[in-house]
Amino acid sequence: MNTKQTLVVIGNGMVGQHFLAKLVETAAKDQFHIVTFCEEPRAAYDRVHLSEYFTGKTAEDLSLVESGFFEQHGIEIHLGDRAASIDRQQKQVTSAKGVVIGYDKLVLATGSYPFVPPVPGHDRAQCLVYRTIEDLEAIKAAAEKSKIGTVVGGGLLGLEAAKALTDLGLETHVVEFAPRLMAVQLDDGGGAMLRQKIQALGVKVHLNKNTSLIDDGAHCLHKMNFADGEVLETDLILFSAGIRPRDDIARASGLEVGPRGGIVIDNQCKTSDPDIYAIGECALWNGQIFGLVAPGYSMARTVAADLTGTEASFTGADMSTKLKLMGVDVASIGDAHARTQGALVYTYQNGSSEIYKRLVVSQNKKQLLGAVLVGDASGYGTLLQYCLNGIELPENPDSLILPQRHDESVGLGPDALPASAQICSCHDVSKGQVCGAIEAGCTTMGQLKAETKAATGCGGCAALLKSVLDCELIKLGVEVSTDICEHFPHTRQDLYNLIMVEQIKTFDELLDKHGRGLGCEVCKQAVGSILASYWNDYILEKPHIGLQDTNDTYLANMQKDGTYSVVPRVTGGEITPDGLIALGQVAKKYGLYTKITGGQRVDLFGARVEQLPLIWQELIEAGFESGHAYGKSLRTVKSCVGSTWCRFGVDDSVGLAIELENRYKGLRAPHKIKFAVSGCTRECAEAQGKDIGVIATENGWNLYVCGNGGMKPRHADLFATNLDKATLIKYIDRVLIFYVRTAARLQRTSVWMENMEGGLDYLKAVILEDRLGLAAELEQQMQHVIDTYQCEWKTTLQDAQKLKRFRHFVNSDQADDNVVFVEERGQIRPANAEERKHFKLIEEAA
Amino acid sequence: MSTWIDVCHIDDLQPDSGVCALVQGRQVAIFYLPRLHAVYAIGNYDPFSEANVLSRGMVGDLAGQPMLASPMYKQHFNLQTGICFEDANVSVPAYPARIENDRVAIQMPE
């Protein structure tokens, strides 16, 4: 017996998918059989970050649907099939392919379409729009035949599209009808500053231009003729002149629509038919269309709640936005145009730094009504909270936008925010929820993000979230000791700075000057690593030897029975047949267990301490060197075969991998570092799961940072695109040394990034824009490490004193009788406790 | 009363680190801490990992008590008593040790 009602969702875009995701979290998923139609050939993807498709992201990367989502929740999805009509009498939907589905409840999430002005010639070849992945593919194909590209529309989306064209290597123009860029969000001053900054990036901006005709060009495919008589020749035209709600299916079925389009909804997002809802850009609430994703998500949550009988309503949305357009920070809050009666305006303009800020406040100067920020949007979080929560402004509101002097603090303390204040708008997380998570035990940004999802969307609220965290921890009386251990009242970063500033060369010197007691395995290893990163001395020098963990001491990896494994370096995973044979011969001679590692090399297990020098003597003679598998240091640079052999490869990934591995081998860091290089976007080397990932594109190398596989996978962040090799290496040098200097003890790059104040944008500012003025110093330090590289095994084998260490007993040549192997699948393995007992009995009997 | 058993020369030790000696058929881990002018001897067998590895651990102090951290799973043992800091029910043998005339000697129960 099937008592489930049927819920049909038309449209699987960002909002449609968010609705499904919210719905399956509720009891409604047992109440409804859910069917959804998706006109596009693929399920929902991230349109907000669409331009990243041109900088290396694939359609899969942009997908918003977790794999198996529809199957897992029993949702019937009709991909590539458009819902064509609604019969409200029969309560059924008919699709373009003729599928008929009856519904009890219906949700319209049909979205919008790009408005193309009806200019004669608008339908010529290479006149395109920018909304779907298919649009992007068409743009990419057209760009290959073009030199000059023009975007019609200087709004938010238009500028995103312009970025896409520059990424594709075109000379880019933006044509705007209004007298300024981003006319909806910015005032004249902000628009002018934005224009100045974007022009400086090479994009030509034409304002007050009304296109009257597009016809054949003399040098280019098209000639755009403007009403003022001017012309512009271009090969490719992208229309991005606003969106229009897709209300055709609603209109045809007799639902109420607005005079200028849009499906009319009430506070529960119900249309004029109580069994039909509309959400997202197709919906018209209070005469307003919301062209941002956050209000659409808010509507989706409202409907999911309403369907389960929970009270919820959509009562409009804040249209404030903060974004980075072509690297320029732009933000707009509330009444940016000062349209409120009696509104007062403060403006700060700094021509040399290209910063523009404007505050709009109420007549009594108590409330913030709106703001515009261009060039520096760091105050966005604070200003937004003032505006949304009606917090009373300080006596001189302009202090909020004037440059900060050292002795003043004008930021809004998190204490001033009410519990209801929204911290993260992407995931709708309130300050109350954040505080709850902190009380329940979250003490780091990483934990807080995992628990609440705050700051995991656009990341714009990360700084605010961190300040709430710090403030709450102090209030809870949680003393967050950042001391590395009881022997030093300092963090790892402090110790690094002390060593650097005072040029300290040994642990004893540091302990005498700044510590107490004898030290322990925590501070010793950390200091050993810092000394190695900074001075790059041989780690088994007498003052350093006691700072090394057993793996570093014996230059091999201790296994469960006290024997070691040996991993020679195989740069880029490339190895000759002779190399393979040599490895096999050594393994065979010493009876070692062999296994291929995940980092494209060979691990030899079961070596006793006294065998390690003998094994390495042979390996070095065969041309191998230490693989540093034992160190918190660079491990491997994995690669695919790249353009040398692969049919699809666009660049030499093996060659680059070998070069990078040879460059950074031996670099000691707070934790191990893994690299990969892929020769094309198919990404066979899995570079996006590595600390440093490099992917070849037709225009150079894309650099990804701070990814991780393992226990807590993290997708690496795209850091810079289309780099030549010299620039790529420069950036990697800087990122690595900055990580070495600033990370906590045993902190992988992924966690380092999660906890970094300012996140990816900050790291980009430091590395790409050299905001801290450190770039040259970082590169210099890396060069020192590279210049002083040594194979630690080679050095050790030349030193008879050091070799004394490699014996089990200091007073006997016997071996450890507790190490016992048995055979399994043709190789050795450590005997288990039962087997060891058995062997002992046999021995005793003999 | 036990007698002192000669084990090795002081140059066979590793300052701020350990070595393993075979004494009357038993594996003994010997640690030399120059800052304290002290030498310590405990059993080499790690009861947690069931492997003879303690001589390869790192030394230092916890709240002023000289300690050794197992290289395997990082439990700490008191170098004077052999008692595990994390679990007082677990201990390893601790042997009296001394340096005299540059020779290292320990005592063993009969």
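**Notebook: strands, a contact and a helix**

I started with strand 8 (residues 65-69) of chain B, which pairs with strand 9 of chain B in the antiparallel sense over three bridges. Two strands count as paired if DSSP finds at least two bridges between them. My strands (E, at least two residues) and helices (H or I, at least four) are DSSP runs, numbered from the N terminus. Across this pairing, B:L68 stands opposite B:F77 in strand 9 of chain B.

A note before going on: this is a predicted model, where local features need pLDDT of at least 70, side-chain atom pairs count only at pLDDT 80 or more, and totals for chains, interfaces and linings use all residues. Residues are numbered from 1 along each chain as its sequence is written, while chains are lettered from A and ligands numbered from 1 in the order in which they are written.

Then I looked at chain B as a whole. I found zero helices and 12 strands. Of its 110 residues, 46% count as buried, which takes 20 or more other C-beta atoms within 10 Å of a residue's own, with C-beta atoms placed from the backbone (exposed is 12 or fewer, partly exposed in between).

Where does chain B touch chain A? The contact takes 29 residues from chain B and 24 residues from chain A; two residues are in contact if their C-beta atoms, placed from the backbone, lie within 7 Å. On the chain B side, strand 2 of chain B gives the most, with five residues.

Last, I turned to helix 7 (residues 188-200) of chain A. At 1.5 Å a residue, its 13 residues should span 18 Å, and its end C-alpha atoms are 18 Å apart, which agrees. The expected span is 1.5 Å times one less than the number of residues. Its buried residues include A:M193, A:L194 and A:I198. Among the elements covering the buried residues of helix 7 of chain A is strand 22 (328-334) of chain A. Just after this helix, A:G202 takes a positive phi of about 100°.
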